[in-house]
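Subject: Structure handover

Hello,

Here is the structure for your set. My notes follow below it.

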Amino acid sequence: SDFYFYGKFDGRFIKWEDDRFAKWDTNFVYRNIPEENGDLPCINDSSNIWFEQVTRFIRPGIPEHRIEIFMYECIEYYDTILANPPFYDEILTNLSLLDRGTAQPFSATNYGRTGFKVVYTDGERNKWETKSGSGQLNDTYLRVTDFYPRDVTLDTLDTLGMFIIEGEFAGRLYNGNNEIPVTESKFRGRLVPRVSDN
């Protein structure tokens with residue numbers, strides 16, 4: 001499919017694909033759904049806001065068997081782009097601070113800085129997620145390999161996202177004192193850019 005997340009979870013290969021059935025459940029189609037949030041003040045900085053972008057692979061309304069990638073940072077309140085095309089290379093988006101191909105930190109919103117969080121919800125609805133600082137461990141990374149505007153002239157039916165993000169992930173996901181390794185992961189998902197109402 002055009003949008004996907006796949007990788008080895010504790011040695012077991014798992015794949016999510018947009019508009020496709022999963023091997024473990026043939027009753028529901030998965031969707032790649034983007035979301036943006038940005039109305040909370042950053043830590044110790046009331047003039048800036050905390051901004052979060054999420055791309056999710058879920059069965060809407062069903063909480064188990066899902067994968068979510070959160071991206072966030074503190075931004076200047078007025079550092080926005082127009083909601084309408086055309087697109088320009090120089091337009092800044094939430095990911096403008098991330099160097100393509102460079103491993104990015106696993107963090108949490110309470111640090112008020114650029115970071116990523118990967119959350120996996122298993123069949124028992126247990127949440128497994130990256131831990132702040134775990135991106136410093138050996139063989140652990142989240143890399144953005146490409147980030148570009150969706151071609152609206154070729155893809156007129158897809159109104160869920162204006163940008164595409166591609167990347168790679170390897171790391172450990174934690175649930176309390178338990179952890180599972182995730183390796184060989186790649187993803188391609190929709191992403192909503194930071195927009196202005198003007």
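In which strand of the chain is confidence lowest, and in which is it highest? Strand β8 (residues 81-82) has the lowest mean pLDDT, at 46, and strand β1 (residues 4-9) the highest, at 95. Here pLDDT is the predictor's confidence in each residue, from 0 to 100, and helices (H or I, at least four residues) and strands (E, at least two) are DSSP runs numbered from the N terminus.

This is a predicted model, in which local features need pLDDT of at least 70 and side-chain atom pairs count only at pLDDT 80 or more, while totals for chains, interfaces and linings use all residues. Residues are numbered from 1 along each chain as its sequence is written, and side-chain values use heavy atoms, with hydrogens and water left out.

Confidence

The chain has an average pLDDT of 77, and 66% of its residues score at least 70. Over residues 81-94 pLDDT stays under 50. For that stretch the model has 28 contacts (heavy atoms within 4.5 Å) beyond four places in sequence.

Y6 stands opposite K15 in β2. Two residues separate the strands of this hairpin, and D10 in the turn has a positive phi of about 55 degrees.

Aromatic rings

The whole structure holds nine aromatic pairs. Rings of Phe, Tyr and Trp (its six-membered ring) pair if their centres lie within 6.5 Å; planes under 30 degrees apart count as stacked, over 60 as edge-to-face and the rest as tilted. One of the pairs is W16 with Y120, edge-to-face at 6.0 Å centre to centre and 75 degrees between the planes. This pair links distant parts of the chain, as W16 is in β2 and Y120 in strand β9 (residues 115-121), 104 residues apart. W16 is buried (under 20% relative accessible area, with exposed over 50% and partly exposed in between; 1.4 Å probe, protein chains only), at 1%. Y120 is also buried, at 6% relative accessibility.

F147 and F163 are stacked, with 5.1 Å centre to centre and 20 degrees between the planes. F147 belongs to strand β11 (residues 141-149) and F163 to strand β12 (residues 163-175), 16 residues apart. Both F147 and F163 are buried.

F5, F9, W16, Y120 and F187 form one aromatic cluster.

Charges over rings

The criterion is NZ of Lys or CZ of Arg within 6 Å of the ring centre and within 35 degrees of the ring normal. K117 lies over the face of F70, 4.8 Å from the ring centre. R143 lies over the face of Y141, at 3.8 Å from the ring centre.

Regards

Note on methods:
Pairing = 2+ DSSP bridges.
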